[in-house]
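Biologist: Good morning. May we go through this structure together, one topic at a time?
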Amino acid sequence: MSELTTVARPYARAAFDYAVEANALDSWHEMLVFAAEVSKDVTIKEYIIGGASVEQATDIFLKVCDVQLNSNGQNLIKVMAENERLLVLPQVLTLFSELKAEYEKEITVDVTSAVKLKVAQQKVISAALEKRLARKVKLNCNVDKNVVSGLVIKAGDMVIDGSIRGKLSRLATTMQS
């Protein structure tokens with residue numbers, strides 16, 4: 001775990017808890033996406049790092065964000081600026097997104113195949129994974145000609161390798177034993 005993640009965690013948790021309480025997860029997510037992008041801007045970074053006062057950093061940041069942040073989002077930015085934490089907004093967004101996905105019982109699953117999957121195939125895979133994982137599944141489909149045939153499915157730390165390449169690799173390992 002990086003130091004930035006450790007620093008970002010309380011801000012992400014506070015924003016998430018407030019968003020759940022206010023029934024505003026999606027709007028908070030959108031605000032954090034925008035604020036995180038602003039914090040990555042080279043000019044903004046230079047301004048914040050370059051010795052601007054807390055008030056100056058807060059003012060310029062809020063002017064750039066303008067109507068993208070509601071009053072509660074602006075308050076989060078003010079608190080983060082007071083604590084000199086504006087540059088960890090991308091990590092706050094990442095942690096908030098993880099909390100949101102867990103709360104919504106959603107998981108992103110990477111599916112790699114040799115050819116592009118048809119919509120019907122994606123629906124079958126998605127339904128089977130939703131049943132197995134007891135979560136809403138969002139598929140991220142990729143094509144890799146090296147798979148040859150079959151699928152490689154990755155969901156968190158679970159990997160299901162049903163590809164011909166994987167089967168051949170396991171066969172070679174078994175034969176070498």
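Biologist: Which residues are linked in a network of salt bridges?

Modeller: First, please note that this is a predicted model. The network of salt bridges links Asp-26, Lys-100 and Glu-104.

Biologist: Is Lys-100 buried or exposed?

Modeller: Lys-100 has a relative accessibility of 13%, which is under the 20% limit, so Lys-100 counts as buried.

Biologist: Which residue forms a salt bridge with Arg-13?

Modeller: Arg-13 forms a salt bridge with Asp-17, with 3.2 Å between the closest N and O atoms. Both residues lie in helix H1 (residues 3-21), and they are four residues apart, about one turn of the helix. Arg-13 is partly exposed, at 38% relative accessibility, and Asp-17 is partly exposed, at 39%.

Biologist: Let us change topic. How many cavities of 30 Å³ or more are there?

Modeller: There is one cavity of 30 Å³ or more. The space in the largest cavity is about 30 Å³.

Biologist: Which residues line the largest cavity?

Modeller: The lining consists of Trp-28, Met-31, Leu-32, Ala-35, Leu-69, Gly-73, Leu-76 and Ile-77. The elements that give two or more residues to this lining are helix H2 (25-40) and helix H5 (71-82). The largest share, four residues, comes from H2.

Biologist: What is the make-up of that lining by class?

Modeller: The lining has seven nonpolar residues, one polar residue and no charged residues.

Biologist: Now the strands, please. What is their order in the open sheet?

Modeller: The open sheet has four strands in the order S2-S1-S3-S4, and the pairing is mixed. Strand S2 (136-143) and strand S4 (158-161) stand at the edges. Each edge strand has a single partner strand, so one side of each is left without a neighbour in the sheet. On average, neighbouring strands of the sheet are turned by 15 degrees against each other, direction ignored.

Biologist: In which sense do S3 and S4 pair?

Modeller: Strand S3 (residues 151-155) and S4 pair in the antiparallel sense, over four bridges. As one example from this part of the sheet, Ala-155 has Met-158 in S4 as a bridge partner.

Biologist: Where does Ile-125 lie?

Modeller: Ile-125 lies in helix H7. Ile-125 counts as buried, because its relative accessibility is 12%, under the 20% limit. Ile-125 and Val-137 are twelve residues apart in sequence, and their C-alpha atoms are 9.5 Å apart in space.

Biologist: One last topic: the backbone. What is phi of Asp-66?

Modeller: Phi of Asp-66 is near 40 degrees, which is a positive value in a residue other than glycine. Most residues other than glycine have a negative phi. Asp-66 is found in the loop between helix H4 (54-65) and H5, and at 48% relative accessibility Asp-66 counts as partly exposed.

Biologist: And what is phi of Val-148?

Modeller: Phi of Val-148 is near 70 degrees, again a positive value in a residue other than glycine. Val-148 is found in the loop between S2 and S3.

Biologist: Is Val-148 buried or exposed?

Modeller: Val-148 has a relative accessibility of 54%, so Val-148 counts as exposed. The limit for that class is over 50%.

Note on methods
Residues numbered from 1 in each chain as written. Predicted model: local features only at pLDDT ≥ 70, side-chain atom pairs only at ≥ 80, totals over all residues. Heavy atoms only, no water. 1 Å grid on protein atoms, 1.4 Å probe; cavity = no way out; pocket = protein on both sides within 12 Å on 5 of 7 lines; lining within 4 Å. Points joined across faces, edges and corners; volume = space filled by probe spheres on them. Nonpolar A, V, L, I, M, F, W, Y, C, P; charged D, E, K, R; others polar. Pairing = 2+ DSSP bridges. Axes fitted to C-alpha atoms, helices over the stretch in contact; angles between N-to-C directions. Salt bridge = Lys/Arg side-chain N within 4 Å of Asp/Glu carboxyl O. Buried < 20%, exposed > 50% of the residue type's maximum accessible area, 1.4 Å probe, protein only.
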